[in-house]
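I opened a new model today and kept notes as I went. Here is what I looked up, entry by entry.

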Amino acid sequence: MPPLAIEDPATREVVERYTLARQLKTVRVTGTLKTTDWVMDRPPFAATLARHLHPPMERYRITEKGNGRYEVDDLGALRGTVRLIARGPDRRVYFVEGQFRSLAHLLKLSGSMVFTLEYRERWEGNEPYVEVDPQLFLRLDNIVAHGILKILAPLLHGIIDRRVANLTAAAQIVSQRLTRDPQGLYQEIRTWPDVRPEELDEYRRAFRTDEEGG
């Protein structure tokens, strides 16, 4: 299948003039493409699931800002906006813009990132799973940072690897619960104070769960 056409100028700028690019390891999550798309179409709810099911993600908040934009906040360490630039049957392209501050406040960087996902459904016995190939392009705003990239690169790679590992673990836990125990998860979600009634209703209809758990 041909690559998605990217018309967004800011996205093209990052891809064509990146500071750092990474092809990340393939991620495997339990479930179908339908379930995977359902979760990715709901970033705030996906973040809520991740916070509750994977404690290392409890700092993350994603808030819808309208016009396809979402605000991401990791209690100040990571802050920015995300928007979906392009989508196809087996891939998505996101544009991220914001700031990162190390926990020790020794490093503060701002810039933009393009994050692409290519995914496909596979089967192992009677259970489906989805393979996801993530790739990122990072462009820093600070011109000085470009000149000292050899010094910064190991630190940047370490930051990326830790965050990707965290996101991967959360995605795997969430996908397993959605696929193998949607009813039990629904009963848990009903007790969470940060879930809106409409989110709960969408979940119940999508996964055909019973309100009473019977």
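**Entry 1: strands**

I began with strand β4 (residues 69-73) and strand β5 (residues 78-88), which run antiparallel and are joined by 5 bridges. Two strands pair if DSSP finds at least two bridges between them. I also noted how elements are named: helices (H or I, at least four residues) and strands (E, at least two) are DSSP runs, numbered from the N terminus.

Before going on, I wrote down the ground rules. This is a predicted model, where local features need pLDDT of at least 70, side-chain atom pairs count only at pLDDT 80 or more, and totals for chains, interfaces and linings use all residues. Residues are numbered from 1 along each chain as its sequence is written, and side-chain values use heavy atoms, with hydrogens and water left out.

Next I followed β5 onward. β5 is joined to strand β6 (residues 91-101) by 10 bridges, and these two run antiparallel. A hairpin of 2 residues links β5 to β6.

In β6, the bridge partner of R83 is F95.

**Entry 2: S112**

S112 counts as buried, at 10% relative accessibility. The cut-offs I use are these: buried means under 20% relative accessible area, exposed over 50%, partly exposed in between (1.4 Å probe, protein chains only).

I listed the contacts of S112, where contact means heavy atoms within 4.5 Å. Leaving aside neighbours within four places in sequence, S112 touches V14, F95, V96, E97, F137, L138 and R139.

**Entry 3: helix α3**

I turned to helix α3 (residues 43-53). Is α3 mostly covered or mostly exposed? I found α3 mostly covered, with 9 of its 11 residues buried. They are P43, P44, F45, A47, T48, L49, A50, R51 and L53. The cover over them includes α2, β3, β4, α5, α6 and α7.

I checked two of those neighbours. Helix α5 (residues 149-180) packs on α3 at an angle of about 95 degrees, with the axes 9 Å apart. Axes are lines fitted to C-alpha atoms, for helices over the stretch in contact, and angles run from 0 to 180 degrees between N-to-C directions. So α3 and α5 are roughly perpendicular. For the labels, angles under 35 degrees count as roughly parallel, over 145 as roughly antiparallel, 65 to 115 as roughly perpendicular and the rest as oblique.

L49, A50 and L53 of α3 meet A170, I173, V174 and R177 of α5. I sorted this contact into 6 nonpolar, no polar and 1 charged residues. In that sorting, Ala, Val, Leu, Ile, Met, Phe, Trp, Tyr, Cys and Pro count as nonpolar, Asp, Glu, Lys and Arg as charged, and the others, Gly among them, as polar.

The other neighbour was helix α6 (residues 182-189), whose axis comes within 12 Å of that of α3 and crosses at roughly 90 degrees. This makes α3 roughly perpendicular to α6. F45, L49 and L53 of α3 touch L185, E188 and I189 of α6. By class, this contact has 5 nonpolar, no polar and 1 charged residues.

**Entry 4: I189**

I189 in α6 got its own check. I189 is buried, at 1% relative accessible area. How many residues along the chain separate I189 from L49? I counted 140, yet their C-alpha atoms are separated by 8.3 Å. Not counting residues up to four places away in sequence, I189 touches F45, L49, V195, L200 and Y203.

**Entry 5: helix α7**

**Entry 6: positive phi**

Most residues other than glycine have a negative phi. I noted R208, in the segment after α7, with a positive phi of about 50 degrees although it is not a glycine. R208 counts as exposed, at 77% relative accessibility. N67, also not a glycine, has a positive phi of about 55 degrees. N67 lies in the loop between β3 (61-66) and β4, and is exposed at 83% relative accessible area.
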